[in-house]
Amino acid sequence: MDVLALPLLVAPLSSSSSHNTLRKCNPSSVIPIKSKRTNKRAGETVIVMASSSEDNLPQITTKLVTFLGKGGSGKTTSAVFAAQHYATAGLNTCLVVHSQDPTPEYLLNCKIGTSPTICRDNLSAVKLETTKMLLEPLNRVKQADARLNTTQGVLQGVVGEELGVLPGMDSIFSVVNLERFVRFLGNMGSRNDQQNNFDIIIYDGISTEETLRMVSAASRARLYLKYIRNIVDKTDFGRLAGPSLLRLVDEGMSLSGGGSNRNGRMSAEIWDKIDRSLERGSAAFSDPSKFGCYLVMDPSSQISVNCALRYWGCTIQAGAQISGAFGISPPTSSEELAETVKNNFSPLSFALIPRLSMDSPLDWNAIMRDDLSREARNILSVPASIMSSVKFDSLQKAVTLLMPGFNKSEIRLYQYRGGSELLVEAGDQRRVIVLPPEIRGRVGGAKFMDRNLVITIR
């Protein structure tokens, strides 16, 4: 137990407030599963999908699953393994790949295109390409502009096919396209996407860092939205340009579902609608029944294990939870090594995934039946329990934060708004903790105890 000397900065702030076509692929290495959708199979526990309904929105019945880890640790292997597992369990599954790496095609024995390709019963796959993804949102905005005449025809002259991809666009458009599959934001921008009805979406992203940005995007965007709204409402420039731009966004993303007769009251409703959609998306990423996030590592590599621990802490900072951890089975079996790694990640569930070879087509039915796969499949099937990363002790006036993978020199604490909030900065992420009234005040000290940061308030 070390006393943690963290710099504390106190800064008072004001408190103002497309249509996709399924293409058939005929793999030779898998046997079709006849069942369309079941909740149970003999000897297996199968996940039961959660749903929600608000404002007459379509029910959210799709779960998003992704994997985090060091490059080369086995994230793509784990993603394909999970896709095969859910498909075998009878859930309509789609593997979404955002990379030019052909590894998923080798593992699936199936050519993946930019529209969902059927690889076997209950399993489709699609490759995201930003050059194509940017066209559909642009066309929607151009159609809205044609109706509203916001740019007097200037936007109609933009030729989307000649536009290149700028840094940052990959992440933005991958989020837009994933939303079309999972609909975490409700009906915000989900026009004409009813055919993408999958039970499970497995996302194999560009990198772990980009995936973490995606996880935290909705909650972080709400703060930006608040400040942008203040600018629009309280500045001459905002009052002049804001209504027209807001109408364009509303028409392009189908936010209100009403007519085009907008006034001040309707503008406020649109702002509120966007904020509610972002709040809904943020809540979905913190719900293990709607978002499954798993760590992947090479148990024989200490740096890979340390990276996984670090990403556990970064995921908490991003506002989500880790549902479990996987290790790619080492070439030589070592029960002692696996047990050591398992203890390092306790209380998370841990299991090994078979090491796969790409020298010849894989027999996925045999892989799914393998004894080594059974524990990993159970972790994927059973919804993870909600693990609290923040604990308040009103008697001791203390806050305990779960911070795996970090050391004391990497954590910064800030206080705003009279001590009612605590901002924690670590892992290139910022997290705001709202303190209960009974323990509000200034930070008196902090210490590290077994991956937990204990902060005392005076």
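Which helix does Ser-381 lie in? Ser-381 belongs to helix H12, which covers residues 371–381. Helices (H or I, at least four residues) and strands (E, at least two) are taken here as DSSP runs, numbered from the N terminus. The model is a predicted one, where local features need pLDDT of at least 70, side-chain atom pairs count only at pLDDT 80 or more, and totals for chains, interfaces and linings use all residues. Residues are numbered from 1 along each chain as its sequence is written, and side-chain values use heavy atoms, with hydrogens and water left out.

H12 is a handy place to start. Ser-381 counts as buried, at 2% relative accessibility; buried means under 20% relative accessible area, exposed means over 50%, and partly exposed is in between (1.4 Å probe, protein chains only). The buried residues of H12 are Ser-373, Ala-376, Arg-377, Ile-379, Leu-380 and Ser-381. The side chain of Ser-381 also makes a polar contact of 2.8 Å with the side chain of His-85. A polar contact is a pair of N or O atoms within 3.5 Å; within protein, one must be able to donate a hydrogen and the other to accept it, and residues adjacent in sequence count only if both atoms are side-chain atoms.

At the N-terminal end of H12 sits a cap, provided by Asp-370: one of its side-chain oxygens lies 2.7 Å from the backbone nitrogen of Leu-372. Asp-370 itself is found in the loop between helix H11 (364–369) and H12. With a relative accessible area of 35%, Asp-370 is partly exposed. Its C-alpha atom is 8.6 Å from that of Pro-354, a residue 16 places away along the chain.

Ala-384 is partly exposed, at 24% relative accessibility. Setting aside neighbours within four places in sequence, Ala-384 is in contact (heavy atoms within 4.5 Å) with Pro-288 and Ser-323. Ala-384 and Gly-292 are 92 residues apart in sequence, yet their C-alpha atoms are 8.1 Å apart in space.

Next, the helix pairs. Helix H1 (residues 75–88) packs against H12 at an angle of about 75 degrees, and their axes are 10 Å apart. Axes are lines fitted to C-alpha atoms, for helices over the stretch in contact, and angles run from 0 to 180 degrees between N-to-C directions. H1 and H12 are therefore roughly perpendicular to each other; angles of 65 to 115 degrees count as roughly perpendicular, under 35 as roughly parallel, over 145 as roughly antiparallel and the rest as oblique. On the H1 side, Phe-81, Ala-82, His-85, Tyr-86 and Thr-88 meet Ser-373, Ala-376, Arg-377, Leu-380 and Ser-381 of H12. Sorted by class, these residues are five nonpolar, four polar and one charged. Here Ala, Val, Leu, Ile, Met, Phe, Trp, Tyr, Cys and Pro count as nonpolar, Asp, Glu, Lys and Arg as charged, and the others, Gly among them, as polar.

Another pair is helix H6 (residues 208–234) and helix H9 (residues 302–318), whose axes come within 9 Å and cross at roughly 20 degrees. That makes H6 roughly parallel to H9. The contact involves Thr-208, Glu-209, Leu-212, Val-215, Ser-216 and Arg-220 from H6, together with Tyr-311, Cys-314, Thr-315, Gln-317 and Ala-318 from H9. Five nonpolar, four polar and two charged residues make up this contact of H6 with H9.

Glu-136 is buried, with a relative accessible area of 19%. Between Glu-136 and Gly-160 there are 9.1 Å in space, C-alpha to C-alpha, and 24 residues in sequence.

Most residues other than glycine have a negative phi, and most peptide bonds are trans. Asp-428 is not a glycine, but has a positive phi of about 60 degrees. Its loop runs between strand E17 (421–426) and strand E18 (429–434), and Asp-428 is exposed, at a relative accessible area of 61%. Asp-450 also has a positive phi, near 50 degrees. The loop holding Asp-450 lies between strand E19 (443–449) and strand E20 (452–457), and Asp-450 is exposed too, at 66%. As for the peptide bonds, Ser-346 and Pro-347 are joined by a cis one, with omega about 15 degrees. Pro-347 lies in the loop between helix H10 (335–344) and strand E13 (350–353).
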